[in-house]
Amino acid sequence: MNNHVILFDSTLRDGSHANRHQFDKNDIENYCQAMDAAGVYTIIVGHGNGLGASSLQIGFSKLTDSEMIKTARDNLDKTRLGVYMIPGFGTIHDNIIPAIEMGVDLFKIGSHCTEADTTRQHIEFIKKQDKEVYGVLMMCHMASPERILEEAQKMQSYGANGVILMDSAGALTMEMVKKRIGMLYGGLNIKVGMHPHNNLGLAVANAYVAAEEGASIIDGTSRGFGAGAGNCQLEAFAALMIKSGHELGINLYKMLDASEEIVKPFVGEKDKGLDSLSIVSGLAGVFSAFAVHVQRAAERFNVDPRDIYIELGKRKAVGGQEDMIVEIAEKLSNPLKDTDISYQLSSLL
């Protein structure tokens, strides 16, 4: 592990999924103040699905994008302010330009792992504004390492400072991470990053394997607070790196204090380890942010949420297809109306 690893803190973005996008100004102020001197490279803020995503279908944020950005900007001095955007939810005119004007330092632009071309105009525009910009390939378990490299090379050609693989479903094993990160590290001339999810209990381990294979960015959250089973727990990863003899430039005590004093109250029941639905979600390879929608649909139609996850995995559902959850739940509640739905786990393996 010869590369210097930096930490991207997505607690105030991915954690928004876990609290149904209800961070308020005090939450953002307190977290930014606590973490500003901790040594993370950037703190990402916003709706769980990024700029422009607050909506009836995905979930409304308590605060507007502008309110979240301005609040974070006023409370960060040493740490870069970052945001995330998926083209289709947000646009250059409506979201990126205002974010730049409000003082955002760093942008992450995401797409499905086989659709990097949708990020071209956004990455090129941000690069021309002399801002840091990183491409993000979501649901990266759904494509081969070779295809992932092809898509990452597109983002490199658009001017991205780096490419981050997002294991949106928490479906990657350590061997799968090794192959994907190794492929990118050997085939790109820019930074490589990893954003793990913890559905199979491997987020910290996968982050460490990614760093061993050449990733210089680990993107996670304090206390692992995030969509579904949560993310790589940054303070645990930092401790593991320190124990293994790697210098991160991190003040671990400040990270631990923020985790205990600021984030722990957010977490509540989620601070009790993996639950059965998180594990099934990771096994099925289903987008972690579907968790709330699956549970709601299961209750509405009185069906087993695990069956919904299995069918979503078979259909290779991705973010933005939340309507499919209700359709599946309805069919499950009337099994005689649809004989094509099968729930054999062996079909996923």
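This is a predicted model: local features need pLDDT of at least 70, side-chain atom pairs count only at pLDDT 80 or more; totals for chains, interfaces and linings use all residues.
Student: Which strand gives the most to the lining of the second largest pocket?

Tutor: The second largest pocket has a volume of about 260 Å³. Its lining comprises 15 residues, with Ile86, Ser111, His112, Met138 and Gly319 lying nearest the centre. The strand that gives the most to this lining, with three residues, spans residues 106-112 and is β4.

Student: How many residues of the lining of the largest cavity are charged?

Tutor: The structure holds one cavity of 30 Å³ or more, and about 90 Å³ of space lies in the largest cavity. Lining this cavity are 16 residues, of which Arg13, His17, Gly48, Met166 and Phe287 lie nearest its centre. Helix α1 (residues 11-18) gives the most to the lining, with three residues. By class, the lining has seven nonpolar and seven polar residues, and the number of charged residues is two.

Student: Why do the buried residues of α9 lie on the same side of the helix, and how many degrees does their arc cover?

Tutor: In helix α9 (residues 234-243), the buried residues are Leu234, Glu235, Phe237, Ala238 and Met241. They are on the same side of α9 because the arc they cover around the axis is only 160 degrees.

Student: What covers the buried residues of α9?

Tutor: The buried residues in question are Leu234, Glu235, Phe237, Ala238 and Met241. The elements that cover them include β1 (6-10), α8 (203-212), β8 (217-220) and α10 (252-267).

Student: Which residue just after α9 takes a positive phi?

Tutor: Helix α9 spans residues 234-243. Just after α9, a positive phi of about 90 degrees is taken by Gly245.

Key
Residues are numbered from 1 along each chain as its sequence is written. Side-chain values use heavy atoms; hydrogens and water are left out. On a 1 Å grid over the protein atoms alone, a cavity is a set of points where a 1.4 Å probe fits but cannot get out, and a pocket is an open set with protein on both sides within 12 Å along at least five of seven lines; lining residues have an atom within 4 Å of a point. Grid points are joined across faces, edges and corners, and a volume is the space filled by probe spheres set on the points. Helices (H or I, at least four residues) and strands (E, at least two) are DSSP runs, numbered from the N terminus. Ala, Val, Leu, Ile, Met, Phe, Trp, Tyr, Cys and Pro count as nonpolar, Asp, Glu, Lys and Arg as charged, and the others, Gly among them, as polar. Buried means under 20% relative accessible area, exposed over 50%, partly exposed in between (1.4 Å probe, protein chains only). The arc is that of the directions from the helix axis to the C-beta atoms. Contact means heavy atoms within 4.5 Å.
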